[in-house]
Amino acid sequence: MLFSQPIQKCYTGYTADFAKRLLHHNSGQYRFSKKGRPWELVRLFLCEDKKAVMLLEKRVKARGAKRF
């Protein structure tokens with residue numbers, strides 16, 4: 001879970017390579033995250049498999065990342 005101070009938004013997603021993904025978000029390669037730079041890590045979840053990750057991401061997005 002990432003947070004952008006400039007736009008006061010959270011970003012929730014999954015990846016196998018967190019460091020690389022964070023670099024991409026902060027380099028402006030993604031349209032949504034470009035305007036929110038710099039992004040900072042606020043929470044990291046480790047899951048055993050992709051199914052668990054997808055369920056967790058769905059739950060976080062349903063509740064709202066800021067409340068989670």
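Helices (H or I, at least four residues) and strands (E, at least two) are DSSP runs, numbered from the N terminus. Residues are numbered from 1 along each chain as its sequence is written, and side-chain values use heavy atoms, with hydrogens and water left out. This is a predicted model, where local features need pLDDT of at least 70 and side-chain atom pairs count only at pLDDT 80 or more, while totals for chains, interfaces and linings use all residues.

Start with the overall layout. The protein has 3 helices and 3 strands, and from the N terminus on they come in the order β-β-α-α-β-α. The radius of gyration, taken over C-alpha atoms, is 12 Å, close to the 11 Å from the globule rule (2.2 Å times the number of residues to the power 0.38) for 68 residues, so the protein is as compact as a globular protein of that length. Its C-alpha atoms fill a box of roughly 30 × 25 × 20 Å along the principal axes. Of the 68 residues, 25% count as buried, meaning under 20% relative accessible area, with exposed over 50% and partly exposed in between (1.4 Å probe, protein chains only).

A pocket is an open set of points on a 1 Å grid over the protein atoms alone, where a 1.4 Å probe fits, with protein on both sides within 12 Å along at least five of seven lines; lining residues have an atom within 4 Å of a point. The largest pocket holds about 450 Å³, a volume being the space filled by probe spheres set on the points. Its lining is made of 22 residues, with G13, Y14, T15, L44 and F45 nearest the centre. Helices α1 (18-27) and α3 (50-63) each supply at least two lining residues, and α3 gives the largest share, with 5. The lining splits into 14 nonpolar, 4 polar and 4 charged residues; here Ala, Val, Leu, Ile, Met, Phe, Trp, Tyr, Cys and Pro count as nonpolar, Asp, Glu, Lys and Arg as charged, and the others, Gly among them, as polar.

E57 sits in helix α3 and counts as buried, at 14% relative accessibility. Leaving out residues up to four places away in sequence, E57 touches T12, G13 and Y14, where contact means heavy atoms within 4.5 Å. Q8, in the loop between β1 (2-4) and β2 (9-11), has a positive phi of about 55° although it is not a glycine. Q8 is partly exposed, at 38% relative accessible area. Finally, a cis peptide bond joins R37 and P38, with omega about 0°; P38 lies in the loop between α2 (31-34) and β3 (39-41).
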